[in-house]
Amino acid sequence: MDDRASSEPDSGPNPTRRATATNGQTVDGPPIERIESVFAVYDVHIDGDQLVYYGDPLEPPEELLEELWPVFRSHGYEPRFSTRYGEYVLVAEPTSVGINGIPWTNILLLLATVVSTLFAGSMWYHIDPISNPTEMWRAWPFTVAILGVLGVHEMGHYVMSRYHQVDASLPYFIPVPTLIGTMGAVIKMKGRMPDRKALFDIGVAGPLAGLIATIGVTIVGLHLPPTVAPDSVVQDTNAIQIQLGYPPLLELLAAAFDQPLYRDDPARAVNPVVIGGWVGMFVTFLNLIPVGQLDGGHILRAMTGRFQETIAALVPGVLFGLAAYLYYVSGHSGNSVLIWAVWGLFTAVLASVGPAHPVRDDSLGTGRFVLGLITFVLGVLCFMPVPIEIIE
């Protein structure tokens, strides 16, 4: 049940008006007169751990929140403007930055992803994980490579979130029985971005950190011995062949270190650790698509403001066009066509939801703008029109 609160001035020579609950406890929020500079308060409720201020706005909602957001944050709350029962309200929710207790869900998902990537990695090493489950551990370099590039990417977001005092969770890994054993990892962020700088820093930190890890993993993998398929697999005409497309960045690294990619040798393939680098590059490109809540959407929104939404509206059409080109012109009819068609639908949904809107929507500095351009160029180097083909 809500506790009624009042906003009467305290007695004394220098009264400061603060919301006071009916039991006499002072509400742990900003001084009333500071709020009333933009929001005329006539009633205050305590609703659980929320503070609910009823009143009349003296400025448009966006300007009101821009003014009051730092005031509430300094008292440990994050405000949002809304209506209740036909009345205008400011709802202040307590914020906390950091980890509370042991993150069991994160840990269990990580362990499950370790198992699923070992299972998937075994097949890249030509180990049958079903008939020889005790041999799955030999795929540990693949698992380390995959979890390394994904984990570093998400920790880049997490570290910058902590730096800008934005509440964020630790990474949640997603175990799925795919060719790589996972659908990636995500972090959950709560609350609004304080400004464009925070939006940019948090958005760009993941791809750049993940790309550094990806390059390191790829270089190590290129120097490891290739996998050699057993004769029974090479000679089996009914065996399914998996061909990966190589992005320009991987090609450049292989050329720079003079390491072969074994395209024309059916018996040999790059070490599975290189596949971890391939995953890092593909994830980097997908995350840098400039739509909605993707990293690219955050970065471009910080760089261009609301013009980002115009660019985002064009992205689904580009991806559908790519899928159509591969199917009707290049003659591809398999997984790559499906990948870009699905991502066309996904980005259409993200574009309709829209990007994050920072509280203070001031312009971004030149240094960050240039870094954003460089990041998008690196993303293009991770693009491959035909990521994967399965030949039966």
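**Going through the model**

Q: Is Val 217 buried or exposed?
A: Val 217 counts as buried, because its relative accessibility is 16%. Buried means under 20% relative accessible area, exposed means over 50%, and partly exposed is in between, with a 1.4 Å probe and protein chains only.

Q: Before I go on, what kind of model is this?
A: It is a predicted model: local features need pLDDT of at least 70 and side-chain atom pairs count only at pLDDT 80 or more, while totals for chains, interfaces and linings use all residues. Residues are numbered from 1 along each chain as its sequence is written, and side-chain values use heavy atoms, with hydrogens and water left out.

Q: OK. Which helix is Val 217 in?
A: Val 217 is part of helix α5. Helices (H or I, at least four residues) and strands (E, at least two) are DSSP runs, numbered from the N terminus.

Q: How far is Val 217 from Gly 277?
A: In sequence they are 60 residues apart, but their C-alpha atoms are 5.6 Å apart in space.

Q: What about Arg 196, buried or exposed?
A: Arg 196 counts as buried because its relative accessibility is 11%. Like Val 217, it sits in helix α5.

Q: What does the side chain of Arg 196 touch?
A: It makes a polar contact with the side chain of Asp 361, at 2.8 Å. A polar atom of the Arg 196 side chain also lies 3.0 Å from the backbone oxygen of Asp 362. A polar contact is a pair of N or O atoms within 3.5 Å; within protein, one must be able to donate a hydrogen and the other to accept it, and residues adjacent in sequence count only if both atoms are side-chain atoms.

Q: Switching to strands: how do β5 and β6 pair?
A: Strand β5 (residues 77-84) and strand β6 (residues 87-94) are antiparallel, with eight bridges. Two strands pair if DSSP finds at least two bridges between them. Ser 82 has Val 89 in β6 as its bridge partner.

Q: What is in the turn of that hairpin?
A: Two residues lie between β5 and β6, and Tyr 85 in the turn has a positive phi of about 55 degrees.

Q: How many bridges join β8 to β9?
A: Three bridges join β9 to β8 (residues 172-175), and the two run antiparallel. Pro 175 is bridged to Thr 182 in β9. This hairpin has six residues between the strands, and Gly 181 takes a positive phi near 85 degrees.

Q: Last topic. Which residues does UniProt annotate as "transmembrane region"?
A: The unreviewed UniProt entry lists several spans, among them 199-224 and 269-289. UniProt positions are in the numbering used here, feature names are shortened, and annotations may be inferred rather than shown by experiment.

Q: How much helix is in residues 199-224?
A: That span is 96% helix and 0% strand, with end C-alpha atoms 39 Å apart. Residues 269-289 are 76% helix and 5% strand, and their end C-alpha atoms lie 30 Å apart.
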